[in-house]
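Colleague: I have the sequence and the fold on screen. Can you take me through how some helices and aromatic rings pack?

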Amino acid sequence: MEKTKRGFAGFVKDNWLVVVTGLLIGAAAVVLSWLGNPKNMGFCIACFERDITGALKFHQAGVVQYFRPEIVGIVLGAMIMAMLRGEWRAQGGSSPITRFILGMLVMIGALVFLGCPLRMVIRIGGGDLNAVIGLAGFIVGILIGVIPLKKGFSLNRAYRQNTLEGLVFPFLLAILFTISLVSDLFAKSTGGPGSMRAPWLIAFGIALVVGALCQRSRLCMAGGIRDVVLFKDFHLVLGFVSILVAVLIGNLITGNFKFGFEGQPVAHTDGVFNFLGMVLVGWGSVLLGGCPLRQLVLAGEGNSDSAVTVLGFMAGAAVSHNFGLASSATGIGSGPVLGVLIAGFAVLLVVSLMNTKRRN
């Protein structure tokens, strides 16, 4: 009995922070949707970076243009927490061009599915069965990505850099966000998902807390499943599950739970492309060492490689909307979506092979 108690106490001690972080993110997603953000998209990293890309006029899709405060809050929250804990350090130089390209591909896959791994969980918590198909694809992508990891895959080490190098991205993001608040320089949707937004100050404040907690807990959607496969470690997956539980309960309370495939908010029912899009996201995220949420947090910690990856996400959003690759609620895009996905898989395969050193 005493051993069992010690075991349970140890489990709580080891995992409470990631569980609390997951519950908070799930609750934040529900609250932000209730306050105005699109339903089942209260906290979507890919969607919100896509909206910022549109606000900066890198794509002209008028329904998805808004400088989302949530992205800025996550980065600054992570930066502040890392500085307070003495964990902030400027570093980079780990295959930045490769990371930029991988970031583009991850975003393209996410916009075919219509959401990042975080939104995938949020959609499942809202009853969207299309996201369950996406989850299956995400897991398959991670399983593929784990194969080169086992054989010694690496994008090479990062090096210490000048302090300014680690501060450029967070400060640039903050400056652009301030400009968006005090001027009409950037585009802003008047209809569609981009016009659905919670009050910016509340959204920014919530995101600051989320960024700080994610920095402490190291929460990562792709990392959780990767660790289960590689190490039988379920620590990060508990955060994944906690988000789902919080969103499910919140949607049931607010009456926003809708079970099924049809009529889900900002989602399509093409199972093949939901699956393939998330395979690309899962595989690419493993090679990058973290999902889109994790990349934002690392960028806040001073990692310029992750900042380059985020810029790759934004470039991928521009490519997706400028060339008809992004899906919509009516279905997949009008461009060569399947061809681009296949080309993306080919690029990931080449990157996997070229950066793998076989272990004896």
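What follows is a short exchange on helix contacts and then on ring pairs.

Modeller: Keep in mind that this is a predicted model.

Colleague: At what angle do helix H5 and helix H6 pack?

Modeller: H5 covers residues 117–125 and H6 covers residues 130–150. Their axes lie 8 Å apart. The packing angle is about 140 degrees.

Colleague: Which word describes how H5 and H6 lie to each other?

Modeller: The angle is about 140 degrees. Roughly antiparallel needs an angle over 145 degrees, and roughly perpendicular spans 65 to 115. H5 and H6 are therefore oblique.

Colleague: Is the crossing of H5 and H6 left-handed or right-handed, and which residues of H6 make the contact?

Modeller: H5 passes H6 in a left-handed crossing. From H5, the contact uses Pro117, Met120, Arg123 and Ile124. From H6 come Asn130, Ala131, Val132, Gly134, Leu135 and Phe138.

Colleague: How many residues of that contact are charged?

Modeller: The contact of H5 with H6 has 7 nonpolar residues and 2 polar ones. The charged count is 1.

Colleague: How many charged residues are in the contact of H6 with H11?

Modeller: H11 spans residues 271–288, and its axis comes within 6 Å of that of H6, crossing at roughly 35 degrees. The crossing is right-handed. By class, the contact holds 16 nonpolar and 8 polar residues, and charged residues number none.

Colleague: Now the rings. What kind of aromatic pair do phenylalanine 67 and phenylalanine 186 form?

Modeller: The whole structure has 6 aromatic pairs. In this one the ring centres are 5.9 Å apart, with 20 degrees between the planes. Planes under 30 degrees apart count as stacked. The pair of phenylalanine 67 and phenylalanine 186 is stacked.

Colleague: How many residues apart are phenylalanine 67 and phenylalanine 186?

Modeller: Phenylalanine 67 sits in the loop between helix H2 and helix H3. Phenylalanine 186 sits in the loop between helix H7 and helix H8. The separation is 119 residues.

Colleague: Is phenylalanine 186 buried or exposed?

Modeller: Buried means under 20% relative accessible area. Phenylalanine 67, at 4%, counts as buried. Phenylalanine 186 has 17% relative accessibility, so it counts as buried.

Colleague: Which helices hold phenylalanine 177 and phenylalanine 204?

Modeller: Their ring centres are 5.7 Å apart and their planes at 25 degrees, so the pair is stacked. Phenylalanine 177 is buried, and so is phenylalanine 204. The pair ties together parts 27 residues apart in sequence, because phenylalanine 177 lies in helix H7 and phenylalanine 204 in helix H8.

Colleague: Which residues do ring pairs link into a cluster?

Modeller: Both stacked phenylalanine pairs above contribute members. The cluster consists of Phe67, Phe177, Phe186, Trp200 and Phe204.

Note on methods. Residues are numbered from 1 along each chain as its sequence is written. This is a predicted model: local features need pLDDT of at least 70, side-chain atom pairs count only at pLDDT 80 or more; totals for chains, interfaces and linings use all residues. Side-chain values use heavy atoms; hydrogens and water are left out. Axes are lines fitted to C-alpha atoms, for helices over the stretch in contact, and angles run from 0 to 180 degrees between N-to-C directions. Helices (H or I, at least four residues) and strands (E, at least two) are DSSP runs, numbered from the N terminus. Angles under 35 degrees count as roughly parallel, over 145 as roughly antiparallel, 65 to 115 as roughly perpendicular and the rest as oblique. A crossing is left-handed if the near helix is turned anticlockwise from the far one by less than a right angle, and right-handed if clockwise. Contact means heavy atoms within 4.5 Å. Ala, Val, Leu, Ile, Met, Phe, Trp, Tyr, Cys and Pro count as nonpolar, Asp, Glu, Lys and Arg as charged, and the others, Gly among them, as polar. Rings of Phe, Tyr and Trp (its six-membered ring) pair if their centres lie within 6.5 Å; planes under 30 degrees apart count as stacked, over 60 as edge-to-face and the rest as tilted. Buried means under 20% relative accessible area, exposed over 50%, partly exposed in between (1.4 Å probe, protein chains only).
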